[in-house]
Amino acid sequence: MTRELADQLAEQVDANVRWTVRTGWGEVAPRRDGGVEALLDGVAKRRADERWDVAICLTDLPLHTDRVPLVVQTSARRQVALVSLPALGLRQLHAVRRVVPDLVSRLLTDMGDERVSPAGWAPAEMAARVASVRRMTGESEAGEWGYVASRLVGRARLLTGMIRANRPGRALVGLSKLLVGAFGTAAFALATSTIWQMGDALGGLRLTVIMLLGLTALVAWLIVAHDLWEKPDQQTPAELARLFNLGTVLTLALATAVSYVVLFTGTALAAALLIDTSVLEENLQRPVGVADYLTLAWIISSLATVGGAIGSGLEDEDTVRAAAYGYHPEPDGWLDERDG
């Protein structure tokens, strides 16, 4: 956005001003939620230290006000605005590109900056930029605008945005040893005729229950074994801890579900290559087809998730903990760039 924003501001706000856009990463505000006001104060301090005219902070914190997701908060007095990326849903970058020029225009208009002519920016325009967003009523000060999402659509979008911000692909790659352990267990089970007979005897409902229990146990094991559960404390309110934990569970559930699909596909192909139809028919005492190989891969994949859980214990601690929503390792996470 740094490369694009100056041109966007010239086009949408004022072409007679030379716009300079700078980015700054790091702990510009408390990592945990000390309240929106505390976050705005932290951003304002960074703005003053850097001598920026306006500061827009993009954060991955899931912010709430009155138990509804807070999308944007502006403060003309502080000359800053805060954008909660998870509240923008899956298409965060697209939404941010549309929202940030409006926020700059809003702030400069409310600040009465003489270098920029009044843009006539209406509070309703933010709602037009992001679906299911409305302006909060009853602001105590001029230029203090808050925009919240609806309870139903906004919460659903917040959860999908949290999964997006938590990068489930990183969690999937990070659990490579889990998948290797599961494939090892599956390879052993493929050569066991008792497993063939067990899969033939179980119906679809029981196989589904076994699969769900296996995946649930795997997610629970990852959370417990690697201490991924966020506990409320002085810096992390209960509401924020619940959101962090929900984001962690959903991220791990998605990563393990994709791993399961990969394991199932690989096991089905291996069964088709290694187990001849005549051998399987002789063991099951009936004709077999594609469905039987898929059922065999189904039960073996479910059982192999237990072996995958054992393999996950061999993962690097930081690699697994990256799946926790509230965890940001240094220096790539929250170490301020000015400190190296």
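## Ground rules

The model is predicted, so local features need pLDDT of at least 70 and side-chain atom pairs count only at pLDDT 80 or more, while totals for chains, interfaces and linings use all residues. Residues are numbered from 1 along each chain as its sequence is written, and side-chain values use heavy atoms, with hydrogens and water left out.

## Where H5 meets H10

Start with helix H5 (residues 151-165) and helix H10 (residues 238-274), whose axes come within 9 Å and cross at roughly 65°. Helices here are DSSP runs (H or I, at least four residues), numbered from the N terminus. The axes are lines fitted to C-alpha atoms over the stretch in contact, with angles running from 0 to 180 degrees between N-to-C directions. The crossing is right-handed, meaning that the near helix is turned clockwise from the far one by less than a right angle.

On the H5 side, the contact (heavy atoms within 4.5 Å) uses Leu158, Leu159, Met162 and Ile163. Facing them from H10 are Leu243, Phe244, Leu246, Gly247, Leu250, Thr251 and Leu254. By class, that gives nine nonpolar, two polar and no charged residues. Ala, Val, Leu, Ile, Met, Phe, Trp, Tyr, Cys and Pro count as nonpolar, Asp, Glu, Lys and Arg as charged, and the others, Gly among them, as polar.

## One cavity

A cavity is a set of points on a 1 Å grid over the protein atoms alone where a 1.4 Å probe fits but cannot get out, and lining residues have an atom within 4 Å of a point.

Among the lining residues are Leu178, Leu215, Tyr260 and Thr305. The class tally is seven nonpolar, three polar and no charged.

## Two residues to look at

Ala165 sits in H5 and is partly exposed because its relative accessible area is 23% (buried is under 20%, exposed over 50%, partly exposed in between, with a 1.4 Å probe and protein chains only). Beyond its neighbours within four places in sequence, Ala165 touches Asp60, Gln92 and Tyr325. Its C-alpha is 9.8 Å from that of Thr251, 86 residues away in sequence.

Trp25 lies in the loop between helix H1 (2-12) and helix H2 (36-50). At 62% relative accessibility, Trp25 is exposed.

Notes. Helices (H or I, at least four residues) and strands (E, at least two) are DSSP runs, numbered from the N terminus. On a 1 Å grid over the protein atoms alone, a cavity is a set of points where a 1.4 Å probe fits but cannot get out, and a pocket is an open set with protein on both sides within 12 Å along at least five of seven lines; lining residues have an atom within 4 Å of a point.
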